[in-house]
Structure formats: C-alpha cells, structure tokens
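This report describes a protein chain for a reader who is new to it. Please consult the sequence and the structure shown here before reading on.

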Amino acid sequence: MKLEKISKEHLDKFLEMVDKAETIAIASHVNPDGDNIGSSLGLRRSLEKYGKKVEVIAIDTIDDYLQFLPELDHYKEASLDKYDLFIIVDCSEFDRIGKATEIARRSDKTIVIDHHVGGKINCDLNMIYETSPATCELVYEIIDRLNLPMDKTIGTLLFTGLCTDTGRFMYSNVSEYTFRAAGRLITDGIDYEYIYENLYQSQPVAVMQFHNEIISKAEFFDKKAFAIATKAQVEKYGVQMGDAETIVNKLRDLREVNVSMIVKEYDDGEYKVSMRSKTADVAAVARAHGGGGHIKASGYSIFDESLEAACEKALAVLKEIDA
C-alpha cells in the first residue's frame with residue numbers, strides 16, 4: 001500500500017522551481033504555531049544546505065512556548081521586495097501571511113505547501129494534501145523523497161510540528177506514514193524528550209492561573225463550551241494571548257463537550273475565534289466566516305467595536321453548530 005501523499009509530478013516540479021531560483025523566500029500564517037515554524041524553518045535549512053539562498057519572512061511574534069526551537073534567528077524581516085521563488089507553507093490564503101502578501105504577489109513564482117482545505121491562492125505549484133495531518137509531514141516527505149539535506153536541527157523542527165498539529169499523534173488524520181516519519185527522525189538522533197518537555201512540561205504557574213480563571217467562567221450548553229480571554233486577563237497574569245490557545249483543547253476534551261470555542265481579545269477591534277471539535281466540521285464554519293483550518297480545529301477573526309458585541313456574534317455561530 002502506498003503511504004506517501006505527494007505526487008511524483010509535484011515533487012519533480014518543486015525541485016525544478018527550486019533549482020531555477022536564485023533567491024527564495026518562505027512565509028507562513030499569522031499567529032505562528034509549531035507546524036508553521038517547524039515547516040518553514042526546517043525547509044529553509046534543508047534548502048540552504050542544498051545550496052540555495054533562502055529566507056523565512058517574519059509575519060508575527062513567536063510565543064514563548066516555542067522559543068526553545070533552533071533557527072529562530074532566521075525568522076526575520078525580508079531583505080528583498082520580491083524573490084525568484086516564494087514558498088507559502090501551512091496556509092493557502094494570501095490574507096493569512098500578513099505583510100508578506102505583497103512580496104509574494106511581486107515574486108516571480110509561488111508554491112503553496114499545505115494540508116488545510118479551502119485555500120484560494122492561485123499559484124504556480126499547489127501542493128495541498130488535506131489527508132496529511134501536518135505541513136511538517138509534507139516537508140519531511142519532500143526532503144526524504146528528493147534526497148535533500150536532513151540533520152538533527154531540521155528533524156527537531158519537523159518533529160515539533162508533527163507533535164503539535166497532531167495533538168501528540170492523537171487526531172484521526174494521523175497515518176502510518178506519520179509514525180514512520182516520526183520514527184525516522186528519532187532514529188536519526190533528535191532529542192524527542194527535550195521537545196516533549198518544552199512543549200508539554202514547562203508551563204509557568206502564571207499560565208495555569210490564567211487558564212483556571214478563563215475556564216472557571218466558561219459557559220456549557222448542548223455539548224458545547226464557550227470561553228473568553230481578555231487583554232485585561234493577559235495583563236493581570238503577565239502572560240501572552242497565545243497562552244490561551246490550549247484552553248479550547250482542554251474544553252473540547254471534557255466528556256460532556258463535543259465542540260468548544262474561545263474568543264480572544266486583540267488590539268484594533270480584532271477578536272480571534274478558535275474552535276475545536278470531536279466530530280463536527282468546524283473548518284467549514286471557519287471558512288464561512290473568512291477563516292479556515294482543520295476539520296476539527298479551526299478559527300476565524302471578528303472585527304467589532306466591543307468584546308461584548310464580538311462574543312455575541314461568536315456565540316450565535318457556536319449555537320448553530322451541530323454537536
């Protein structure tokens with residue numbers, strides 16, 4: 001049985017485009033997560049060791065829980081206003097790569113490598129494989145099948161993305177190939193215990209207290225959970241709003257909950273909504289409101305004049321989901 005997901009045609013085209021490019025940029029979505037950072041920096045290092053000049057364009061602030069990762073000094077401002085080749089990883093919407101959008105549009109060629117459904121970017125090579133649980137798995141496959149350079153640093157980055165985007169290899173789209181990729185990276189010498197410790201066993205007490213307050217105020221109804229994270233709470237506990245992201249997972253994991261939602265208050269009237277589910281397709285809900293993501297883990301943004309108004313809109317959406 002064939003385990004690999006990427007077609008030979010796509011792999012050949014990818015290598016051809018890389019070989020022809022003198023300057024290459026990689027960018028991913030706002031609100032960087034483990035799969036975003038792991039796939040972009042891992043691919044950058046492999047292509048650099050292959051002999052190419054490659055940059056990863058910084059889109060947003062990297063949260064504290066990922067600061068243990070190597071190569072973060074390569075996540076920085078663009079040095080050019082256009083590139084021979086622009087590679088977008090872990091998203092397939094131009095508006096999700098923030099300030100890098102115009103650079104991507106000006107660049108000569110574009111490639112998308114992603115596993116999210118519903119993307120609309122018109123590019124020169126579209127490598128979207130929604131059966132893959134993580135973009136880091138796709139990047140691993142590209143490196144492995146094209147015999148591109150691999151080392152422990154690249155492996156650490158890719159393994160981190162595999163862990164975070166599969167919920168520690170728990171989600172239903174995890175396949176035999178996912179475990180083979182992870183096993184190969186471990187065999188090649190990555191320190192997976194170090195990765196697990198930093199991702200899952202290093203939470204500060206202040207973050208736990210932040211979570212406890214938000215969860216204590218959550219609403220539960222019809223097998224659903226609804227929570228709110230405010231800027232005032234972030235300031236109170238001295239944490240980052242990104243620290244609220246795992247709360248929606250904790251709520252989803254409750255026996256009585258099938259769908260969970262959290263609204264996070266940001267600046268300039270933006271309220272970011274994250275959704276998780278056990279069975280419902282929340283990606284379709286997110287796309288209907290200008291967002292996207294995985295079938296069971298998605299999100300979108302609301303722009304409104306007040307937290308109360310945004311929460312009212314989000315709650316109305318949650319009530320319409322069939323849990």
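## The parallel sheet

Strands β4 (residues 85-89) and β5 (residues 109-114) run parallel and are joined by five bridges; in one of these, Leu85 has Lys109 of β5 as its bridge partner. Strands are DSSP runs of E with at least two residues, helices are runs of H or I with at least four, and both are numbered from the N terminus. Two strands pair if DSSP finds at least two bridges between them.

The open sheet has six strands in the order β3-β2-β1-β4-β5-β6, with parallel pairing. Its edge strands, β3 (75-76) and β6 (125-128), each pair on one side only.

## Basis of the model

The model is predicted: local features need pLDDT of at least 70, side-chain atom pairs count only at pLDDT 80 or more, and totals for chains, interfaces and linings use all residues. Residues are numbered from 1 along each chain as its sequence is written, and side-chain values use heavy atoms, leaving out hydrogens and water.

## Aromatic pairs

Rings of Phe, Tyr and Trp (its six-membered ring) pair if their centres lie within 6.5 Å; planes under 30 degrees apart count as stacked, over 60 as edge-to-face and the rest as tilted. By this rule there are eight aromatic pairs. Phe68 and Tyr194 form an edge-to-face pair, 5.8 Å centre to centre with 75° between the planes. Phe68 lies in the loop between β2 (53-57) and β3 and Tyr194 in helix α7 (residues 192-200), so the pair ties together parts that are 126 residues apart in sequence.

Ring pairs also link Phe159, Phe169, Phe179, Tyr192, Tyr196 and Tyr200 into a cluster.
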